[in-house]
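Here are a few notes to read with the model open beside you. Take them one point at a time.

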Amino acid sequence: MSLRGFATLNIWADDVAAATRWYADLLGVEAYFMRPGPDGRPAYTEFRIGDYQAELGIIDRRFGPAGAAGGPGGVVMHWHVDDLDATVQRLLAMGATEYQPITAHGDGGFITASVVDPFGNVLGVMQNPHYLDVLAALKAK
C-alpha cells in the first residue's frame, strides 16, 4: 500500500452556496460540479485547482460523520502559494481568522500559516521549495 497523492480534499459548511461563492472569489475559478441535496439546495460542490488540478469539495455539514468535532482543528492541509504574506492578508481581508501565524520552519525556506475560513474550516498555506522543485522536474520531462 502507498499513498499516491490526495484525490479530493473535503471541507464542511452549513451554507454550501455561500462557501462556494467565497471559495470561487478566493480561487478565481467557479466550481465545476454541484450536487443538490433533497431540499434542492447545494449539498456538494467541487473545484479543480492548482498545478495538479487538485479537487476541493465543499460538503453540507449536515451530511458529516456522526460525532465529528464541532470546531476547527485536526489535520492542516497546506497549499503552496507564491506570495505567502499577500495570501494571508487577502484571506484575513475576506473574513478568515488567524489560526497559526506566519511561521518559518528552519532555514530551508519552508514557511507556513493557517486561517479558519468563515465556515469553520482550517485552511493552510505555505511557501514550499520542495513543491517547486518537484513541479519543475515534472515539467522538464
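Predicted model: local features only at pLDDT ≥ 70, side-chain atom pairs only at ≥ 80, totals over all residues.

1. Residues are numbered from 1 along each chain as its sequence is written, and side-chain values use heavy atoms, with hydrogens and water left out.

2. Start with Glu 55, which sits in strand 4. Its relative accessibility is 17%, so Glu 55 is buried (under 20% relative accessible area; exposed is over 50%, partly exposed in between, with a 1.4 Å probe and protein chains only). Among the residues Glu 55 touches are Phe 6, Tyr 32 and Arg 48, leaving aside residues up to four places away in sequence; touching here means heavy atoms within 4.5 Å.

3. Now look at Gln 53, in the loop between strand 3 and strand 4. Its phi is near 50°, a positive value in a residue other than glycine. Gln 53 is partly exposed, at 44% relative accessible area.

4. On to the rings: Phe, Tyr and Trp (its six-membered ring) pair if their centres lie within 6.5 Å, and planes under 30 degrees apart count as stacked, over 60 as edge-to-face and the rest as tilted. That rule gives six aromatic pairs. Tyr 52 and Tyr 131 have ring centres 6.0 Å apart and planes at 85°, so they are edge-to-face. This pair links distant parts of the chain, 79 residues apart, with Tyr 131 in helix 3 (residues 129-140).

Methods. Helix = DSSP H or I, 4+ residues; strand = E, 2+ residues; numbered from the N terminus.
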